[in-house]
Each structure stands twice: as C-alpha cells, then as structure tokens.
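Hi there,

Here is the structure I promised to pass on.

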Amino acid sequence: MLSAVPSAGLAESINATLADLLDKDPRLLLLGEDIGRLGGVFRVTRGLRERFGEDRVRDSLLAESTIVGQAVGMALSGLVPVCEIQFDGFTYPAVNQLVTQAARVGYRWNGQVSPSLVVRIPTGGGFRGVEHHSESNEALFARFPGISVACPSTGEDADQILRHAVTLGSPVVVYEPIRLYFRRSSPVRDPEPPRSPTAARIVRRGGDLTIATFGAITHEVLEAAHALAPDVDVEVVDLRWVAPLDMETVLGSVARTGRLLVVHEGVKDVGIGAEIAASVAEYGFDTLRGPVRRLAPGRRAYPPANFEKDYLIDVQEIKDEVLVMTK
C-alpha cells in the first residue's frame with residue numbers, strides 16, 4: 001500500500017482562503033455563532049476578527065434561522081455573506097430560510113437579482129460526537145433547485161470550492177468533514193485536475209471498477225484502493241460537488257471499468273448514491289458488466305460515541321465490497 005502524504009489540515013486551508021477572500025473583496029463578510037472572539041467551535045475562523053474587525057467577522061445569536069435569514073438580506077443588498085453553522089444537525093432551523101427564500105429569490109425576481117450566499121457546515125462522524133454533531137445530511141439540500149452543494153475532501157478542493165462559491169450569485173452549501181479539519185496526511189492521489197470548478201476529480205486511475213465518493217470517506221476509499229492493488233485496479237472518482245452532480249465524469253469512468261460502487265457516509269436510503277445509481281442505469285446501462293452497488297450506513301440515527309465504528313463505513317468493508325463485485 002502506498003504511504004500517506006503530508007498536507008495542510010482542512011481547517012488551516014479554509015482559514016487561509018477566507019482570509020484571502022476577505023482581503024480581496026470588501027463586500028464579503030463572515031457570520032456565525034462564536035466565529036469572532038472564539039474563532040468558531042473548530043477554530044476555523046481563528047484570528048480573522050482581529051485582522052478584519054467585528055463588522056466583517058460577526059458573532060451571531062444562537063439561532064440558525066437568524067444567521068441564514070440575515071445572510072439572505074445581506075446578499076440582496078449586494079454583500080457576500082459566508083455563514084457558519086456549528087454542526088450539520090443544527091441546520092434544520094435554517095431550512096426555511098435556505099429553501100423557501102435563498103434558493104428561490106433569483107427565480108422569483110426573474111433573474112434580476114443574483115444574491116451570493118455561502119453556508120459552511122461541519123459534517124460527518126469519526127470524532128466521537130453524537131446525534132446532531134455527526135450527521136451527514138447533504139442529500140437534503142442537494143434535492144432543492146437553486147441550491148448548490150459541495151463536499152470537499154482536501155484543503156485544495158475546499159479552497160477552489162469556496163472561491164467559486166462566492167461568485168455564483170446563488171446559495172451554496174459547503175459541507176466540511178470534521179474529522180479532516182486537523183488531519184495532516186492523506187492517501188496518495190493522482191494529480192489530475194478537474195475539468196471545471198464544479199466537476200468531479202479522478203483521484204486514482206484504474207481499470208477494473210469505479211468507486212464514486214465524496215467528503216471524508218474519500219480517504220478510506222483511496223486507502224482501500226491502494227491496498228487492493230495490483231490484484232484489483234480501482235478507479236476513484238471524488239465527486240466534490242453533489243449538486244450539481246458531475247455525471248459526465250462518472251459515466252466516462254464507468255464506460256472504462258464496467259463496474260460502479262458508490263460509497264458515502266450519509267444514510268443509504270434516498271441518498272446521493274441512489275441518484276448516481278439511477279443515472280448510470282439510465283444513461284450507461286450498456287457499459288455495465290454487473291449491477292451498480294451502494295455502500296453506506298443503514299436508515300437509522302447516528303449512534304452514541306462508543307458505537308460509531310459500527311455505523312461508519314471502514315476500509316475493510318470497502319475492500320470486501322470491491323472483491324465481491326470483481327469476482
């Protein structure tokens with residue numbers, strides 16, 4: 001198996017990107033609970049209030065609906081708010097503002113306004129959090145027209161995603177894997193660049209089977225792929241964005257390998273994997289050598305900390321699934 005390579009932690013990379021964006025665009029501001037004096041619950045915004053002032057790095061009330069609600073008004077006024085929600089399980093009070101207001105305002109005004117709005121959300125498990133602190137609810141917002149959803153797995157991708165998100169003129173939800181915030185190594189990736197800022201990235205070339213994935217679990221997928229080589233040659237597609245989905249890259253990969261496994265951390269039922277599987281069945285059925293399979297947690301609540309290893313998909317499960325598919 002190839003060894004891991006050192007890299008900047010996700011938190012460090014995002015902090016540097018936000019600082020650069022604040023420095024270059026006077027319209028941009030940050031908004032969230034404890035992001036100013038404390039630097040955020042994971043210290044992602046540490047030092048930014050001291051550098052840019054409390055008007056541009058704003059501590060909010062303990063109310064997610066007001067965070068996004070304020071941001072919608074700010075965006076309509078020509079500002080570029082970048083919000084932080086402390087955990088993805090705390091996002092639900094802001095669904096109304098995101099779905100019925102932010103996602104629709106451009107259509108409602110016949111394209112006469114294009115408000116830029118970004119919502120950053122720490123997501124996922126693997127750090128002994130519970131319930132609302134470890135969920136993966138990206139599929140919720142991915143289904144709503146007008147909202148783009150990104151799920152970076154590296155600091156480099158988070159940087160590119162944020163820089164693109166603030167220019168879109170429509171709301172973007174960025175899910176940041178908590179367990180990658182301070183992780184400074186990752187499995188070796190092929191340095192192939194994406195075709196566009198919203199395209200998927202092929203991070204490992206292979207010929208026997210395609211794994212499509214995103215977020216933190218991309219690291220486990222790559223570790224499994226390296227461990228299986230050379231007996232099974234796995235191609236890994238890091239989706240990076242789940243709305244819009246880059247099916248062109250996925251279909252192109254499946255056309256080469258003939259097999260597809262989708263791996264994600266969110267619940268399997270009605271998840272991102274289901275949409276990918278349906279799209280491949282619809283547009284790439286003639287390239288398949290076997291059925292598309294999905295590997296994800298079952299439909300149940302996130303368990304207490306001592307049992308999260310039984311919930312999360314690990315490297316061995318990925319290897320076992322690949323071997324079943326390539327027999």
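Arg 128 is exposed, with a relative accessible area of 53%; here exposed means over 50%, buried means under 20% and partly exposed lies in between, using a 1.4 Å probe and protein chains only. Arg 128 sits in the loop between β5 (117–123) and α6 (138–142). Its phi is near 65°, which is a positive value in a residue other than glycine.

Before going further, please keep in mind that this is a predicted model, in which local features need pLDDT of at least 70 and side-chain atom pairs count only at pLDDT 80 or more, while totals for chains, interfaces and linings use all residues. Residues are numbered from 1 along each chain as its sequence is written, and side-chain values use heavy atoms, with hydrogens and water left out.

Arg 240 lies in the loop between β11 and β12, and it is buried, with a relative accessible area of 0%.

Now for the chain as a whole. It has eleven helices and 14 strands; these are DSSP runs numbered from the N terminus, with helices being H or I of at least four residues and strands being E of at least two. The radius of gyration is 19 Å, close to the 20 Å that the globule rule gives for 327 residues, so the chain is as compact as a globular protein of that length. That radius is taken over C-alpha atoms, and the rule is 2.2 Å times the number of residues to the power 0.38. Along the principal axes, the C-alpha atoms fill a box of roughly 60 × 45 × 35 Å.

Buried residues make up 56% of the 327 residues. Of the contacts between residues at least 6 apart in sequence, 81% join residues at least 24 apart, where a contact means heavy atoms within 4.5 Å. On the charge side, the chain carries 35 positive and 42 negative side chains, and the centres of the two sets lie 1 Å apart. Lys and Arg count as positive and Asp and Glu as negative, with His and the chain ends not counted; each charge is placed at NZ of Lys, CZ of Arg, CG of Asp or CD of Glu.

How many disulfides does a search of the whole structure find? The search finds zero, taking a disulfide as a pair of cysteine sulfur atoms within 2.5 Å. Cys 83 is in no disulfide, and the nearest cysteine sulfur, that of Cys 151, is 17 Å away. That distance is too far for a bond. Cys 83 is buried at 0% relative accessibility, and Cys 151 is buried too, at 3%.

There are also cis peptide bonds to check in your viewer. The bond from Ala 229 to Pro 230 is cis, with omega near 0°, and Pro 230 is in the loop between α8 (217–228) and β11 (234–238). The bond from Ala 243 to Pro 244 is cis as well, with omega near 5°; Pro 244 is in the loop between β12 (241–243) and α9 (247–257).

Finally, a few residues with partners elsewhere in the sequence:

- Phe 214 is in the loop between β10 (209–213) and α8 and is buried, at 7% relative accessible area. Leaving aside neighbours within four places in sequence, its contacts include Cys 151, Arg 240 and His 264.
- Glu 84 is in strand β4 (residues 80–84) and is buried, with a relative accessible area of 5%. Not counting residues up to four places away in sequence, Glu 84 touches several residues, among them Glu 33, Thr 45 and Arg 120. Glu 84 and Asp 34 are 50 residues apart in sequence and 9.4 Å apart in space, C-alpha to C-alpha.
- Ala 301 is in the loop between β14 (293–295) and α11 (315–325) and is exposed, at 61% relative accessibility. Ala 301 and Glu 131 are 170 residues apart in sequence, yet 6.9 Å apart in space, C-alpha to C-alpha.

Happy to go through any of this with you.

Best wishes
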